[in-house]
Amino acid sequence: MSQHSSTYVPKSAFAKWFESRLPIASLVHSSFIAYPVPRNINYFWTFGAILSFMLVSQILTGVFLAMYYTPHASLAFQSVEHIMRDVNFGWLIRYLHANGASMFFVAVYIHIFRGLYYGSYKAPREILWILGVIIYGLMMATAFMGYVLPWGQMSFWGATVITNILAAIPVVGDTIQSLLWGGYSVGNPTLNRFFSIHYLLPFMIVGVVILHVWALHVPGQNNPTGVPIKSSKDALPFTPYATIKDIFATAVFLIFFAWWVFYLPNYLGHADNYVPANPAVTPAHIVPEWYFLPFYAILRAIPDKLGGVIAMFASIAVLAFLPWLDTSKVRSTSYRPLYKQFFWILAADTLLLGWLGAKPPEGWYVIVSQIATAYYFIHFLIILPVLGFIERPLPLPNSILEAVTASKKGGSGIPAGANAEPNSKG
Amino acid sequence: MAETTTAVAEPTRRDFLFIATGAAAAVGGAALVWPFIQSMTPDAATVAAGAPVEVDLSPIAAGQIVKVFWRGKLIFVRHRTPEEIKAAEDVNVATLRDPQTDASRVKPGHAQWLIVYGNCTHLGCVPLGNQGEYHGWFCPCHGSVFDTSGRVRGGPAPINLPIPPYSFASDTKITIGQEASA
């Protein structure tokens, strides 16, 4: 690996002067220019860059929205309508922010399932993975509080339902609920503090993302074979190879993002949120945003209030223990014929839970929710640990280079120059 | 180096100062957290706005449910019909999830008036009046069913709709937020 890390040499006198005082240029050089990336990573590895882009996009659009938004129970709804109708390009900035949240979750779910498929959580990347779970938790808290801010019917009742969920926690539940409310029910103090925390959390996410990237750059990136980089022929320098690929993938993702913003800006929201909050009337059908639906289905599947709350939090917390629940030493699912089937069953199970979360909790929906919830936990707590012992994995390639050249045999898929001199640009 | 460290066995004045400084910093830090946590609890204006409210019952016809607010919380004031009272009283209490007699949920001599919090005890939605199997309330969110005494009879709600503190100022006026004994 170190063969790639050609060191940064400051050229100008100013660069030398700066480098000896703050060596940030050499840090950027070693982390994002000369940094060796596995030569076989596919487009699923571009979602880290896409997520970084989305985080910056959400913070920027959010800062501009905050210039016009008023966090007061009697003014918030109007201020959002003011942004939509009167503020120049306010509609665009708000639609970018609201749909950006959904796009953020689209990207993070692909990112998470990439990690699940290629075993990116396994040693030596456990801390990296756990930091990712923490980021995901912060994202969910941020998204929830952001959805409350327009103070529409879904905002108000979503806040009521979620804060009532927390009240189910034994001993401290009522205290937590009272501290979130700042009153005797969801009201103006609640809206005020949700705005404050909604503005704070993204910067905490930035902090954890920095740790996440740091933890990534210690062991280096995983790759579709799961076999680590063994020689310089297995790797390419981050710039230009990964940089250009990330930029291209981000551009494609932006087209997808723009399609929602310009053609279906309200499709992912709920019409009820264009009705001002009314504590006397509940919308006929309270449904969270799509990205929370699987967890909402788990919450409702358990016929006991506290049990449902525990199951919902456990379904996220179980991810943090994944590095130790998966007993197989083989990272990539490409070499795990049995796990591959269970992986896709889990993916289908999660989608099923998401679909059930949007359905009313009655009749056979409840029973299917219970089965799907049970399977979710069985996958992580029983199937994964057992599979490592009984599965016979396929033979792993000796190196990334071998895997790449074997699959491309007879073709000329690899640029000749890259094959011979992977670090010529370094 | 080994020689010098083995000699230090007795606690020194420096050790004492080190621990005392650390302890003072820890206590000071914890004390400083207190006002910040307290600032998040209901403020004086919110508490003041939570004073008892009076509700005039005279315009509420039999069979009608009126929604009032106290401390930002929705409260149902229900003028029950004789049939509704009878239905509530005829229930075998032992079969209930949260066993309570109807008499314990109303004030003596005022059985026609049921005063309950208007948020479902499951997750806080507003149940719809005069609906559901027992014609009490039905919650559209997750399907909880309440009877004409506001007791949970089905669905995920764990307990009955709670009774707020209230008292009868006269036969046609109640004070919500204040018990008669006070």
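In chain B, B:F168 stands opposite B:I174 of strand β10. The two strands concerned, β9 (residues 166-170) and β10 (residues 173-176) of chain B, run antiparallel and are joined by 4 bridges; strands are taken as pairing if DSSP finds at least two bridges between them. A hairpin is formed by β9(B) and β10(B), with 2 residues between them. Helices (H or I, at least four residues) and strands (E, at least two) are DSSP runs, numbered from the N terminus. The model is predicted: local features need pLDDT of at least 70 and side-chain atom pairs count only at pLDDT 80 or more, whereas totals for chains, interfaces and linings use all residues. Residues are numbered from 1 along each chain as its sequence is written, and chains are lettered from A and ligands numbered from 1 in the order in which they are written.

Chain B also holds an open sheet of 3 strands in the order β2-β3-β4, with antiparallel pairing. Its edge strands, each of which pairs on one side only, are β2 (65-70) and β4 (113-117). On average, neighbouring strands of this sheet are turned by 25° against each other, direction ignored. Between β2(B) and strand β3 (residues 73-79) of chain B the antiparallel pairing extends over 6 bridges. Within β3(B), B:L74 is the residue opposite B:F69.

In chain A, helix α6 (residues 126-148) packs with helix α9 (residues 188-217) at an angle of about 160°, their axes being 9 Å apart. This makes α6(A) roughly antiparallel to α9(A), a description given to angles over 145 degrees, while those under 35 count as roughly parallel, 65 to 115 as roughly perpendicular and the rest as oblique. Axes are lines fitted to C-alpha atoms, for helices over the stretch in contact, and angles run from 0 to 180 degrees between N-to-C directions. The residues of the contact of α6(A) with α9(A) comprise 22 nonpolar, 5 polar and no charged. In these classes, Ala, Val, Leu, Ile, Met, Phe, Trp, Tyr, Cys and Pro count as nonpolar, Asp, Glu, Lys and Arg as charged, and the others, Gly among them, as polar.

The contact between the chains takes 25 residues from chain A and 21 residues from chain B, two residues being in contact if their C-beta atoms, placed from the backbone, lie within 7 Å. On the side of chain A that touches chain B, the elements giving two or more residues are α7 (153-167), α8 (173-181) and α9. Of these, α7(A) gives the most, with 5 residues. This side of chain A has 13 nonpolar, 8 polar and 4 charged residues.

Individual residues of chain A were also examined. Most residues other than glycine have a negative phi, and most peptide bonds are trans. A cis peptide bond, with omega about 5°, joins A:A123 and A:P124; A:P124 lies in the loop between α5 and α6 of chain A. Another cis peptide bond, with omega about 10°, joins A:T239 and A:P240, and A:P240 belongs to helix α10 (residues 238-263) of chain A. A positive phi, near 60°, is found for A:F89, in the loop between α4 (76-85) and α5 of chain A. A:V171, in the loop between α7 and α8 of chain A, has a positive phi of about 65°.
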